Amino acid sequence: MTSNIRTRRMAAVVAGASIFALTLSACSSSEGGNGTKESKDASGNVTLTVATFNQFGYTPELLKEYEAANPGIKVEQTVAAQSGDARTNLTTRLAAGGDGLADIEAIEVDWMPELSEIADSFEDLAGPDVEGRYLAWKEAQGTADGKLIGLGTDIGPEAICYRADLFEAAGLPSDRAAVAELLGGADATWEDYFAAGHTFVENSDAAWFDSSVAIMQAQIGQLEAAYEDPATGEPTDLAENTVVKGMYDTILTESADLSASLKMWEKDWEAGFQNNAFATMPCPPWMTASIAGNSEGVTGWDVADVFPGGGGNWGGAFLTVPSSGKNTEEAIKLATWLTAPEQQAKAFAEAGTFPSQIEAQELAEVKDATNEFFNNAPVGQIFAARANQISDVPPFKGVQYFNIQTIVMDALNRVDIDGADPAASWDEALSNFGSLGF
Amino acid sequence: MSSIPVIAQTAGKGAARSAARRRKIKLGGPDRRPGWVTYAILSVVLLISIYPLYYVIQLASSTNLAIVRNPIPALLPEGNLFTNFGRVFDSNIPLMKGFVNSVVVAVVQSFTVVIFSTLAGYSFAKLRFRGRGPLLVFVIATMAIPTQLGVVPLFIVMSEIGWSGKLIAVIVPGMVTAFGVFWMTQYLEGALPYELIEAARVDGASMIRTFWHVAMPAARPAAAMLALFTFIGSWTAFFWPFIILGSKNPTLPMVMQLLNSTYFTDFSLVMAGVLLSTLPLIAVFAFAGRQLVAGIMAGAVKG
Amino acid sequence: MAVLSPPKPSSDEGRIPRRVAFSQKRGKWDVKLSPYLYISPFFILFAITGLFPLLYTGYVSLFEWGLLKGKGDFVGLDNFTEVLNQPHFWKALRNTFSIFLLSAVPQVVMAITLAAILSANLRAKTFWRMGVLLPYVVAPVAVGLIFGKLFADESGLINAILTNIGIDPVRWHVDVLPSHFAIATMVNFRWTGYNTLIFLAAMQAIPRELYEAAIIDGAGRLRQFFSITIPQLRPTLIFIIITSTIGGLQIFDEPRMFNTTGDGGSSRQWMTLTMYLFDLGWGPQKSFGRASAVALLLFVIIVVIGMINFLVTTKIATSGPAKAKKPKSRNSTNRRTR
């Protein structure tokens, strides 16, 4: 019978809790359910939400600064785990008519082609404040349908990050300038890079780079149009894409000796930083935060002002303002402020995201910035120099870019990580390409 | 009170059994007290079912550096548990929002499932109406239908009516379940004598009054268990909330997924988040684990 | 009562007969309609959130229908032929079945064994029962995170232990079967205890006389287990197989959390059908048409397997051992005996 009493008491608890929760849900459905709709509270305060992913360098202090300068505005940031999730989230919410979107949504450059098809869903951000403040190619990337839908935050000019200590142990030069020279200097080629790698691995237990995908990503980023015809936007048949196939073959041949065969962003890859698994990485500025985060307690990382095959850009983000928001005007103001030179400089100091504006790049706190973790490397200067090498015409990326890129990268991973046969893996990629149904 | 709680029934049956055993069988067989080997095997099983949770504590109380450097964690938890909890709260991940959302969804669904299932179960078990048999068969048959596969249209419809991204889109589809109806029907069939209902009706009570004052009290023990199962099911659900809610308005399983960030995953942080998200259910388990065991054993329950 | 009831106006007297008539009429409707009213929430909700979406899935699958672009042209069965021509579909089908078998079969064996052990006359019964059930309260997402780390190829505990005892580490996140094994382990971790308790309940419902007779015939404990316990458990077994088929073939959370990207591996070694459905609809392709086609195909697979199970069940119920009961009736029988 005691159990009878117990169940009865429990039923009472459950019932009580239910009523409590019903009240809660009644409140939350009017307030938490859709922040954009009823974000003005009784006192006329406006809450703006900013959705970012990974690390944008928007610290609570930075957001407080805006709140202080703009009474009546509250800024909240939500961070998605990874850009893939953020992308799914954004497109899913857009498909749902914008419900549940933040007032400001951060996007990555690779999502642009898809989003430009629905440019109507975004506010035009052009205005006197932002006119002419970006690098030309960055502004071109943020424009769709003649409308500026994305305000550039950072860019990803690639340099080479390397482990000076491992270089030294393998008898290679370890000083920044000498490493740049070793890798080919101003007109470094991928052959130079691989050749240095062979010398290195002969004298070291570590691999030369982390994964073949990172190298492929860099090389694809140096093509004017990797997978699609810029004139028509139609995908090139992957089976006839000799350029990409050539890169695929070369990189995988080299990877056999040079790659640490770790799948990027996975647990083993992160552990690789601690285990001295590899000595170099193609390294856009935002990657420095990731390297430093994963390498806690590891010393010896440095950055060399060099990149094989000329300049290259990897990633870089934009802030957009979805039209479904209820405070788009305030949101545009905030997005403009967040991407202004001073704030870009602060984000750079916080998360290593390199400014996309000339003016910000020339601010003393950017230009003279050094990164303690990377042996006090003058990262401001290095990345500014790397940014100068990037062509003014951004590589063409059509609607299918992301899909095809995924297929090709999977093919590389199958060989590099899983140990599959390169030819078989390419065949599988071709069949996957075929199933996209063009 | 006519209703005998399932637990009391189980205990009663067990007691009756052991009495029977004492009377009849003294030769061994399945009824003698097992030896230490049995306990040793059970201890190993127990260890396996507890270790993954202990592993969470080991990692959550460690540092990322230690985790990355050595795949084998220290045997005893280290001292960073509360530091890591603090870091979860300080991070940009909306843990508190996820917690509130999970509580709201789980509690509201438990409540509605119990009410609606008891209503339907009472009706099926004790009331006469045309089509009762076929309708009950239909309810049971729907348990075999994988409704999760209707996500695409459900998503389209929810977006159409503007519920996308809102908790209500998660709550409504789970407000009543075929399992709940079946479970309450089964229970009330045995636990609620017709005489009680008739007595109430003779006293002039309306149908709903009879339900409320006669059927509801009789249904309590099974209702409590149904509430428990529903609560656990809602708390741990991921697929549909993940699709419809979006990262701005997550439930706790989504928070865990958000914590598992890619650019730099701090595993002590992730596991601290996992622990924080799981603790409420462990508390429920500590409080009502007995009921859960009895509930599963009382009927073939599958969440 | 009289004290508490509100004073009635005296003019009420004259109306009494009419009120009775009204309340009688109302009462009749009450009796007639209430049963339908009470069961209506389930049927209405099921119609809206269960049945309609499933039917509508069939409609969507006939169109070119994009997440962002919305409904497009009618394409007939093109989505189905396209999906059936995608190697990923067949891979996902293979993975789903492989993971399902790797979880269902060992799980049933372990659950029966454990139930047999637990059915002994143990001290602290409830403690042991709660112990095996504990993993049930851990969310599948959490289980995925935990085991994803335990099974990490180079930085995971399990490979570290294997290396320490001189066994080659297993490539859990690379090779097909090991990855399926790891994911099946997550499922087994969460559900074995649960199923154990169901089997335990069924074992306790087996009439004692059967064992007594066997003991008199001189049957040992193993013999008793295989000749009495197992045959008597058959209906429960089939019930558990049916329910775990429905759940197991829709598996999503665990494989999705097995690695960080959630892509199912670089050659989609552990991508399941539901992950594939999600990827088609909300991933890069954003094709609701194709996602719906996969949903329908999976639906048909599950229903067909369910029907086979059902046929087997009824066959056993009619031609099997005389004492075997259908799972449905098992509950009521149990309750009656209690």
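Predicted model: local features only at pLDDT ≥ 70, side-chain atom pairs only at ≥ 80, totals over all residues.
Reader: How many residues of domain 1 of chain A are in contact with domain 2 of chain A, and which element gives the most?

Author: On the domain 1 side of chain A there are 18 residues in contact, and they meet 18 residues of domain 2 of chain A. At least two residues of the domain 1 side come from each of α4 (112–116), α5 (136–141) and β7 (154–155) of chain A. The most come from α5(A), which gives four residues. By type, the residues of this side of domain 1 of chain A are seven nonpolar, six polar and five charged.

Reader: Next, the sheets. In what order do the strands of the five-stranded open sheet of chain A stand?

Author: Strands of a sheet pair through backbone hydrogen bonds, either parallel or antiparallel. The five-stranded open sheet of chain A has the order β2-β1-β3-β12-β6, and its pairing is mixed.

Reader: Why is one side of β2 and of β6 of chain A left without a neighbour in the sheet?

Author: β2 (73–80) and β6 (151–152) of chain A are at the edges and have a single partner strand each, so one side of each has no neighbour in the sheet. For a pairing within the order, take β1 (residues 46–53) and β3 (residues 104–108) of chain A, which are parallel and share two bridges. Val50(A) has Ile104(A) in β3(A) as its bridge partner.

Reader: There is also an open sheet of four strands in chain A. What is its order?

Author: The order is β9-β10-β8-β11 (chain A), again with mixed pairing. β9 and β11 (301–304) of chain A are the edge strands; each has a single partner strand, so one side of each lacks a neighbour in the sheet. From one strand to the next, the twist averages 15 degrees.

Reader: Is β10 of chain A mostly covered or open, and which strands pair with β10(A)?

Author: Strand β10 (residues 278–283) of chain A is mostly covered, with six of its six residues buried. Strand β8 (residues 159–163) of chain A pairs with β10(A) in the antiparallel sense over four bridges, and Tyr162(A) is opposite Thr280(A) in β10(A). Strand β9 (residues 207–209) of chain A pairs with β10(A) in the parallel sense over two bridges; here Ala207(A) is opposite Phe278(A).

Reader: How many bridges join β8(A) to β11(A), and which residue of β11(A) is the bridge partner of Tyr162(A)?

Author: β8(A) and β11(A) run antiparallel and are joined by four bridges. The partner of Tyr162(A) in β11(A) is Asp302(A).

Reader: Which helix lies across these strands?

Author: Helix α12 (residues 285–294) of chain A lies across β8, β10 and β11 of chain A. The angle between α12 and β10(A) is about 150 degrees.

Reader: Now chain C. How many helices and strands does chain C have?

Author: Chain C has 13 helices and two strands. Of its 338 residues, 48% are buried. Among contacts in chain C with a separation of 6 or more, 69% are between residues 24 or more positions apart.

Reader: How many residues of chain A and of chain B are in contact with chain C?

Author: The size of an interface is often given as the accessible area lost when the parts come together. The counts here are of residues in contact. Chain A has 26 residues in contact with 23 residues of chain C. On the chain A side, α3 (83–95), α11 (267–274), α18 (401–416) and α19 (422–435) each supply at least two residues. The residues of that side are eight nonpolar, 11 polar and seven charged. Chain B has 89 residues in contact with 84 residues of chain C. Helix α14 (residues 267–298) of chain B supplies the largest share of the chain B side, 15 residues. The chain B side divides into 59 nonpolar, 22 polar and eight charged residues.

Conventions: Residues numbered from 1 in each chain as written. Chains lettered and ligands numbered in written order. Contact = placed C-beta atoms within 7 Å. Nonpolar A, V, L, I, M, F, W, Y, C, P; charged D, E, K, R; others polar. Pairing = 2+ DSSP bridges. Buried ≥ 20, exposed ≤ 12 C-beta atoms within 10 Å, placed from the backbone. Axes fitted to C-alpha atoms, helices over the stretch in contact; angles between N-to-C directions.
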